[in-house]
Amino acid sequence: MIKGTLIIVALTLTAAVATHWFHPRAPAWFLVDEKLNDDEVSMAEIEKRWQGNVFWIDARIRQQFEQEHVPGAILINEQELDNLLLEHLDKLQDNKKPIVIYCDGLACHASHKMRKYLTENLAIMNVWVLKGGWPAWKAAKK
């Protein structure tokens with residue numbers, strides 16, 4: 001009985017290590033304080049640099065945005081990009097604040113895609129991605 005249990009545990013651990021080793025976006029085995037990329041900003045930096053006075057863009061799907069979002073944020077996501085850009089173009093062009101885009105978290109790349117689109121196609125500058133996304137904002141507001 002114990003021998004069989006040990007074999008199952010060993011096989012499970014082997015599978016877990018192999019999956020982690022070969023997965024292209026495997027999470028860290030332990031909590032690390034990852035450095036910010038050049039286009040990223042943390043909640044602490046938002047408070048320090050701009051006293052929280054930024055223009056928020058939510059890059060998540062509409063259902064998540066409608067459930068809960070940063071107060072004052074506008075929705076611009078990949079799924080509805082053309083319609084949402086048309087709806088918010090005046091706000092984006094008139095904006096003088098730094099723009100911070102967020103999505104679901106560290107594994108979500110929608111905010112990076114939206115930043116790239118805004119900077120390359122609309123020539124909007126001073127656009128940042130919130131490191132940690134929506135969960136980072138929620139954690140900072142607790």
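Is Arg 62 buried, partly exposed or exposed? Arg 62 is partly exposed, with a relative accessible area of 32%. For those terms, buried means under 20% relative accessible area, exposed over 50%, and partly exposed in between, with a 1.4 Å probe and protein chains only.

Before I go on, a word on the model. It is predicted, so local features need pLDDT of at least 70 and side-chain atom pairs count only at pLDDT 80 or more, while totals for chains, interfaces and linings use all residues. Residues are numbered from 1 along each chain as its sequence is written, and side-chain values use heavy atoms, with hydrogens and water left out.

Back to Arg 62. Its side chain meets that of Glu 66 in a salt bridge, at 3.7 Å from N to O. A salt bridge here is a side-chain nitrogen of Lys or Arg within 4 Å of a carboxyl oxygen of Asp or Glu. Helices (H or I, at least four residues) and strands (E, at least two) are DSSP runs, numbered from the N terminus. Glu 66 counts as exposed, at 55% relative accessibility. Salt bridges that share partners join Arg 62, Glu 66 and Glu 80 into one network.

By this rule the count comes to 8 salt bridges. One of them pairs Glu 40 with Lys 131, at 3.3 Å from N to O. Glu 40 lies in strand E1, residues 40-41, and Lys 131 in the loop between strand E5 (127-130) and helix H6 (133-140), so the pair ties together parts that are 91 residues apart in sequence. Both Glu 40 and Lys 131 are buried.

Another salt bridge joins the side chains of Lys 141 and Glu 47, at 4.0 Å from N to O. Lys 141 is in the segment after H6 and Glu 47 in helix H2, residues 43-50, so this pair ties together parts that are 94 residues apart in sequence. Lys 141 counts as partly exposed at 46% relative accessibility, and Glu 47 is partly exposed with a relative accessible area of 39%.

Next, helix H4. Its 14 residues, 81-94, should span 20 Å at 1.5 Å a residue, and its end C-alpha atoms are 19 Å apart, which agrees. The expected span is 1.5 Å times one less than the number of residues. H4 also has a kink of about 60°, centred on His 88; the bend at a residue is the angle between axes fitted to the seven residues ending there and the seven starting there. His 88 is buried, as are Leu 81, Leu 84, Leu 85 and Leu 92 in H4.

Now the cysteines. A search of the whole structure finds 1 disulfide, that is, a pair of cysteine sulfur atoms within 2.5 Å. Cys 103 and Cys 108 form it, with their sulfur atoms 2.4 Å apart. The link is left-handed, with -135° about the S-S bond. Both cysteines, Cys 103 and Cys 108, are buried.

Two last positions. Leu 6 is found in helix H1, residues 2-22, and is exposed, with a relative accessible area of 55%. Lys 113 is found in helix H5, residues 110-121, and is partly exposed, with a relative accessible area of 46%. The C-alpha atoms of Lys 113 and Gly 52 are separated by 23 Å, and the two residues are 61 apart along the chain.
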